[in-house]
Amino acid sequence: MTRAKHLVPVLVLLGIGVILTMAVIDMPAFGDPEAPAHRHVAPRYIARAYEETGVTNMVTAVLIDYRGYDTLGELTVIFAAGVAVLSLLVGRKTR
Amino acid sequence: MTTIVIKTIARVLVPFLQLFGFYIIVHGPVSPGGGFQGGVIVGASMILLALSYDLSSAEDRASHKVRIIMDSTGALLFAGIGLLCLLVGGVFLEYGIIPLPMAPAEVRGLMILLVGVAIGIHIMALAASLFLHLAEEHDT
């Protein structure tokens, strides 16, 4: 009974492990310039980031301009987390 | 616990640390760095001050109220610049549309700098706040 109970999770884990290993093998090599992630918008950013934004640091141009929504969301998450933590910490000493 | 050696080194170090942090924030558009990294360095200078002196001397430089105001200002400034683009007829965060007497590319560069400063203000206040309030509990 207990062996059968342990067998199911082990089989599930093995199955997930096989799927994940197959997915990792199919991934492009590390730093491959032909990887799909490097062929979509990256060449355009590299070619036109300076003339479009006037900013020499391409990382900042992508971070704040092209992916501005992402950074705004990031800042909002940090703000919300910070305010939540501070609301727990502030004024505990007086209580 | 803190000796005169630590206090002197911290006193000499803190202004340079803050200057370095502001340099990293303002130089975000031209060199590696930006609001997040520079903000954390400026926040760390307040942590150094609190560790080497005491909490109240750090609290004197940046009180709880000032930190909360800076924290909110940074987030509001970023969202405000995004909304400004909306007001002048563009889409949200489309910096190039803001009507300034410059080329659109330069306006975008300027707004990238402003947003970087906003992120820096936000992060420096938050980094200092988290440490000072956590330390407050053990400082009895």
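Axes here are lines fitted to C-alpha atoms, for helices over the stretch in contact, and angles run from 0 to 180 degrees between N-to-C directions. This is a predicted model, in which local features need pLDDT of at least 70, side-chain atom pairs count only at pLDDT 80 or more, and totals for chains, interfaces and linings use all residues. Residues are numbered from 1 along each chain as its sequence is written, while chains are lettered from A and ligands numbered from 1 in the order in which they are written.

**Figure 1. α4(B) packs with α5(B) at an angle of about 155°.** The two axes lie 8 Å apart. That angle makes α4(B) roughly antiparallel to α5(B) (angles over 145 degrees count as such). The crossing of α4(B) past α5(B) is left-handed: the near helix is turned anticlockwise from the far one by less than a right angle. Helices are DSSP runs (H or I, at least four residues), numbered from the N terminus.

**Figure 2. Residues of α4(B) meet residues of α5(B).** On the α4(B) side are, among them, B:M70, B:L77 and B:F78. Partners in α5(B) include B:M111, B:L114 and B:H122. Residues are in contact if their C-beta atoms, placed from the backbone, lie within 7 Å. By class, the contact holds 14 nonpolar, four polar and two charged residues. Ala, Val, Leu, Ile, Met, Phe, Trp, Tyr, Cys and Pro count as nonpolar, Asp, Glu, Lys and Arg as charged, and the others, Gly among them, as polar.

**Figure 3. α4(B) spans 33 Å from its first C-alpha to its last.** The helix has 24 residues. Its reach is close to the 34 Å expected at 1.5 Å a residue (1.5 Å times one less than the number of residues). Its buried residues include B:R67, B:D71 and B:I81. Buried means that 20 or more other C-beta atoms lie within 10 Å of a residue's own. These buried residues pack against α4 (68–89) of chain A together with α5 of chain B.

**Figure 4. Chain B touches chain A.** Here 29 residues of chain B are in contact with 26 residues of chain A. On the chain B side, α4 (64–87) and α5 (104–138) are the elements that give two or more residues. α5(B) gives the most, with 16 residues. This side has 15 nonpolar, nine polar and five charged residues.

**Figure 5. B:L93 has a positive phi of about 70°.** Most residues other than glycine have a negative phi. B:L93 is not a glycine. It sits in the loop between α4 and α5 of chain B. B:L93 counts as buried because it has 23 C-beta neighbours inside 10 Å. Just after α4(B), B:G89 also takes a positive phi, about 105°.

Note on methods:
Two residues are in contact if their C-beta atoms, placed from the backbone, lie within 7 Å. A residue is buried if 20 or more other C-beta atoms lie within 10 Å of its own, exposed if 12 or fewer, and partly exposed in between; C-beta atoms are placed from the backbone. Angles under 35 degrees count as roughly parallel, over 145 as roughly antiparallel, 65 to 115 as roughly perpendicular and the rest as oblique.
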